[in-house]
Amino acid sequence: MAASSALSSFRYADSLVVVGISVCTAFLCEAISWLLIYRTSTYKSLRSSIDKASKKLDTMKSTSASSSSKKPSSSSSLSSSSSSSSSRAKKMDRVETSLKDATRELSLSKFKSGAVVAAVLFVVFGLLNSLFEGRVVAKLPFAPIPLVLKMSHRGLPGTDPTDCSMVFLYFLCSISIRTNLQKFLGFAPPRGAAGAGLFPMPDPKAS
């Protein structure tokens, strides 16, 4: 009881509670993801395929760059070089296609855990919102720009722009803690899957 009252009177008690709950939520979400996705043979196989395809594509690109820097000495060598570069381009296209397909399948495989994690985050956010609604949980070191101020000062009384709401602090903790936790645990997305997903950007070579 004494410890509880001491914590409640502590200046940064609300901030520590929000950060602590964010850390616990991040661990819980990663545990759910491991249980449903990361430990499965399908995920391990897709991740291995993406890593191999990514390394192979990097090697092919570096080889292609070094070959293109060499100037042919005759017309016959020019024809041979043109044929070789065309063959390399086709092989690179095949590797890129397999990489995109594997990345898309990996994104699809995460749907199940994604739905469960979203439900957990929704429940935690509702709990925090009920506990800290209308309360200043932290102080910002500067006055944020108007766009950020709408979130950082959301639901708070007064006009002090350095007042920080639970929503903003929880948002910052969520995007920073879980991302670094995934890297620490080795659950970060494969390097070759960066920027790819279910709806990849159009390939400029196709146009």
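Because the model is predicted, local features need pLDDT of at least 70 and side-chain atom pairs count only at pLDDT 80 or more, while totals for chains, interfaces and linings use all residues. Residues are numbered from 1 along each chain as its sequence is written, and side-chain values use heavy atoms, with hydrogens and water left out.

Start with the rings: there are three aromatic pairs in the structure. Rings of Phe, Tyr and Trp (its six-membered ring) pair if their centres lie within 6.5 Å; planes under 30 degrees apart are stacked, over 60 edge-to-face, and the rest tilted. Phe125 and Tyr170 make a tilted pair, at 6.2 Å centre to centre with 40° between the planes. Phe125 sits in helix 5 (residues 111-132) and Tyr170 in helix 7 (residues 166-185), so this pair ties together parts that are 45 residues apart in sequence. Helices here are DSSP runs (H or I, at least four residues), as strands are (E, at least two), numbered from the N terminus. Tyr170 is buried at 6% relative accessible area, whereas Phe125, at 28%, is partly exposed; buried means under 20%, exposed over 50%, and partly exposed in between (1.4 Å probe, protein chains only).

Elsewhere, ring pairs join Tyr38, Tyr43 and Phe187 into a cluster.

Residues 16-38 are 100% helix, with end C-alpha atoms 30 Å apart. Residues 114-132 are also 100% helix, and their end C-alpha atoms lie 26 Å apart.
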